[in-house]
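Here's a quick briefing to read with the model open beside you.

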Amino acid sequence: MAKVSIGLRGWRFDEDEVFTDEGEFRPLDEVPDDTRRRLIRLTYLQGKPCDACYLIHGEAEKKRCNEAELVYGEPMEEVLLCADHEADFLYWFREAGGSAHRETEAFRDEFHEWFASGERAPEGYGGLEHVDTDVDALPTPPDPDELNRRLNESHGGTRKRIDLRTGEITYEEWNGGDEDDEETTDDLGDVDLGQDYPTK
Ligand SMILES: [Zn+2]
């Protein structure tokens, strides 16, 4: 089964799970849970700064950060990186104990701590495994509004909503008229992600 990255390099999806034969995104109810979580999470991560750049420049100089091109880790605990900082991350993961934190809640924090304390990959560290695809050439994640619309296309009564941070689908009574979806993106906005986590 062909694998494809969407929006950012790093996470890879089975093409058949995500796309129809026509190359459109599948309706989300047909997509396996983990895949759906990552897919939806990507819509949220698009355009966010690189974590490492952000640790260097901080909120005040956020515009100096490179936009992330890569995502590693699990949804909600992921690390975002630009091409310049990928080697540092890979070094941490492979050589500096980072892999011990894979799939744990400490994953991102551990990397941030390591990086913030001044650690870096040695000069010339490479060993990148992936084919260096131009991120601009990757398929774009579906638009969040579009996702919600398609999710609710064919039923009445209850309304399904996607939590854009976690990818969970919830059900609620739908009064039919209120199109204000503010909560969908904001209700978890205050979750404590640690002060070093880039926000936008
Ligand atoms: Zn960076």
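This is a predicted model: local features need pLDDT of at least 70, side-chain atom pairs count only at pLDDT 80 or more; totals for chains, interfaces and linings use all residues.

A residue counts as buried if 20 or more other C-beta atoms lie within 10 Å of its own, exposed if 12 or fewer do, and partly exposed in between, with C-beta atoms placed from the backbone. Residue numbers start from 1 along each chain as its sequence is written.

**Overall layout**
- The protein has seven helices and six strands; helices (H or I, at least four residues) and strands (E, at least two) are DSSP runs, numbered from the N terminus.
- Reading from the N terminus, the elements go β-β-α-α-α-β-β-α-α-α-β-β-α.
- Two residues are in contact if their C-beta atoms, placed from the backbone, lie within 7 Å. Among contacts with a separation of 6 or more, 53% link residues 24 or more positions apart.

- The average pLDDT (the predictor's confidence in each residue, from 0 to 100) is 81, and 78% of the residues score at least 70.
- Residues 178-197 stay under 50 in pLDDT, and the model gives them twelve contacts beyond four places in sequence.

**A look at α4**
- Helix α4 has 13 residues and spans 19 Å from its first C-alpha to its last, close to the expected 18 Å; the expected span is 1.5 Å times one less than the number of residues.
- Its buried residues are H85, E86, D88, F89, L90, W92 and F93.
- An α-helix has 3.6 residues a turn, so residues three or four places apart point the same way.
- The buried residues of α4 pack against α3 (51-57), β3, β4 and α5.
- After α4 comes G97, with a positive phi near 90°.

**Positive phi without glycine**
- M76 isn't a glycine, yet its phi is positive, about 85°. You'll find M76 in the loop between β3 (70-72) and β4 (79-81). M76 is partly exposed because it has 17 other C-beta atoms within 10 Å.
- E103 is a residue other than glycine with a positive phi, near 60°. E103 sits in the loop between α4 (83-95) and α5 (107-116). With 9 other C-beta atoms within 10 Å, E103 is exposed.
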